[in-house]
Structure formats: C-alpha cells, structure tokens
Amino acid sequence: MALSLPSLLILLTTLLLMTEATTFIHSRAAYYPNSYEHGTDVGACGFGSFGATINGGDVSAASDLYRNGVGCGDCYQVRCTNSHYCSDKGVTVVITDQGSGPNTDFILSRRAFGRMAQTKDAAASLLALGVVDIEYRRVSCSYPNKNITIKIDENSNYPYYLAFVLWYQQGDKDITAVQLCETQNFVCKLLDRSYGAVWTTTSPPSGPLSLRMLLSGEDGDESWIVPVNNIPENWKAGETYDTGVQIDI
C-alpha cells in the first residue's frame with residue numbers, strides 16, 4: 001500500500017533524526033587546567049603557536065582520537081548534554097594536542113569549553129563543573145580563503161635535514177603519507193612522521209621540491225593530491241610556503 005505524502009514526510013524526518021543520533025558518540029570532556037583562553041603552543045601535534053590560535057582558539061587535546069598523530073588537524077563537533085547549560089550546536093574544535101583526563105576523549109581550550117554553553121552565565125557554570133558529559137562526531141574542517149600551507153620547522157637545517165607541518169587542511173580525510181619529489185628528474189622520497197603532524201627527512205632531495213600528500217578517508221578511499229606551488233630550492237627554517245591548493249569539501 002502506497003504511503004500518503006504526510007506519512008512519507010514523517011517517515012523521512014524520523015529516519016533523518018535517527019541517522020543524526022547514531023552519528024554522535026557519547027563521552028566526557030574537560031578543559032586545560034590553566035588560565036589560557038586558547039590552546040597550548042607546545043601541543044603534541046607540533047603546530048607550535050599556530051596550534052593555540054587556529055580556528056579562533058577553539059582547539060582540543062585528544063586521547064584515542066590523537067591516533068599517534070594521524071588525528072592532528074581533525075575537526076569535531078562537540079556538544080555537552082546538560083540541557084540547563086548546553087546549546088544544541090556545541091562547538092567545532094581542531095585537534096592540536098594529545099592528552100586525557102578522567103574518562104575523557106577531549107581536553108578543550110577554555111574558550112571552546114565555554115562555547116558549548118547557551119549563555120555567558122551558563123559558560124561560567126560549565127567551567128565550574130570542570131568535566132562534563134558530551135557527545136561528539138567528526139566533521140569537515142573549513143578554512144575559507146586559505147590554502148594548505150607548509151610551515152618549515154625551526155629545527156630544520158638546510159640542506160641536511162627538513163621537517164615541516166601542514167596547516168589549513170580542509171575536509172574530513174587524514175594525511176597518511178607525504179612524499180617529496182625532485183621537480184627535474186621526478187625522484188621521490190617518502191617522509192617519516194616524526195611525531196604528531198611533523199614530517200621529516202634526512203638528506204632531502206635537492207632543487208625545488210614538489211610535495212605529494214596521500215589523503216585517506218574512513219571509508220577506505222585514498223587519493224594523492226599534488227600542490228600547484230613547489231617548496232623553493234633554498235628553503236629556510238621557520239618559513240611558510242603556500243601550496244596553492246585546497247581540498248574541496
């Protein structure tokens with residue numbers, strides 16, 4: 001028997017609500033036990049001061065979601081579940097550090113923790129609690145008008161040792177491998193993940209360098225992305241280089 005239009009709409013709405021409910025995972029969250037409004041500039045992802053202020057300072061340390069550094073730069077929607085204090089939207093945070101508390105998956109910046117609340121007064125009440133029940137799900141990162149950017153680590157030593165992190169990666173896929181290729185003879189070298197989001201190599205290829213990044217999704221889909229711009233031949237420690245590309249979301 002065919003369903004009437006009103007019945008069909010009710011069924012579709014119910015299915016959408018059920019789908020949304022299953023995408024969230026229940027856990028607990030705390031916040032950094034210091035006076036910092038933003039995150040830490042010594043996070044385990046290796047982002048430095050960028051890791052404290054990216055996304056307006058709505059950042060977090062993660063325990064299992066850190067995934068030995070693969071989870072660095074991932075974005076999550078986190079919302080607390082106390083209806084007296086918490087908003088339905090919650091806050092979107094970027095993983096920039098590793099850490100854990102009492103049965104928690106997230107240690108949020110103080111700013112992000114308060115932004116889960118409905119009002120400023122409710123935020124003060126949440127902060128007073130210290131640890132709250134939450135639900136979370138992974139979401140796409142979005143950085144309008146920003147390309148993926150290479151930040152050369154200050155410990156790099158041209159031309160013998162090269163280390164860098166990647167900033168502003170959009171989407172919901174992980175960078176699971178990085179290659180450096182010489183632009184003239186196309187010889188490529190697979191880099192090591194030193195820790196967090198830091199990619200390193202000794203004896204890097206010479207000349208201008210082309211970067212290749214392997215993107216891996218939770219569904220098993222993988223694809224290589226090749227930036228438009230190269231790392232210049234005489235790269236310098238501490239410099240940033242715009243790759244000229246971004247991931248469509």
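Buried denotes under 20% relative accessible area and exposed over 50%, with partly exposed in between (1.4 Å probe, protein chains only). The model is predicted, so that local features need pLDDT of at least 70 and side-chain atom pairs count only at pLDDT 80 or more, while totals for chains, interfaces and linings use all residues. Residues are numbered from 1 along each chain as its sequence is written, and side-chain values use heavy atoms, without hydrogens and water.

Helices (H or I, at least four residues) and strands (E, at least two) are DSSP runs numbered from the N terminus. In helix H4 (residues 120-129), the buried residues are Ala122, Ala123, Leu126 and Leu127. Because they cover an arc of only 140 degrees around the axis, they fall on the same side of H4; the arc is that of the directions from the helix axis to the C-beta atoms. The face turned away from this side carries exposed Asp121 and Ala128. Just after H4, Gly130 has a positive phi of about 85 degrees.

| Element | Residues |
|---|---|
| Strand E1 | 25-31 |
| Strand E3 | 75-80 |
| Helix H3 | 110-114 |
| Strand E6 | 132-139 |

A pocket is an open set of points on a 1 Å grid over the protein atoms alone, where a 1.4 Å probe fits, with protein on both sides within 12 Å along at least five of seven lines; lining residues have an atom within 4 Å of a point. The largest pocket is lined by 16 residues, with Gly46, Phe47, Gly48, Asp153 and Glu154 nearest its centre. Strand E8 (161-167) and strand E7 (149-152) each give two or more residues to this lining, and E8 gives the most, with three. Domain 1 (25-138) and domain 2 (148-244) both contribute to the lining, so the largest pocket lies between them; the domain bounds come from an automatic or database assignment.

Notes: Contact means heavy atoms within 4.5 Å.
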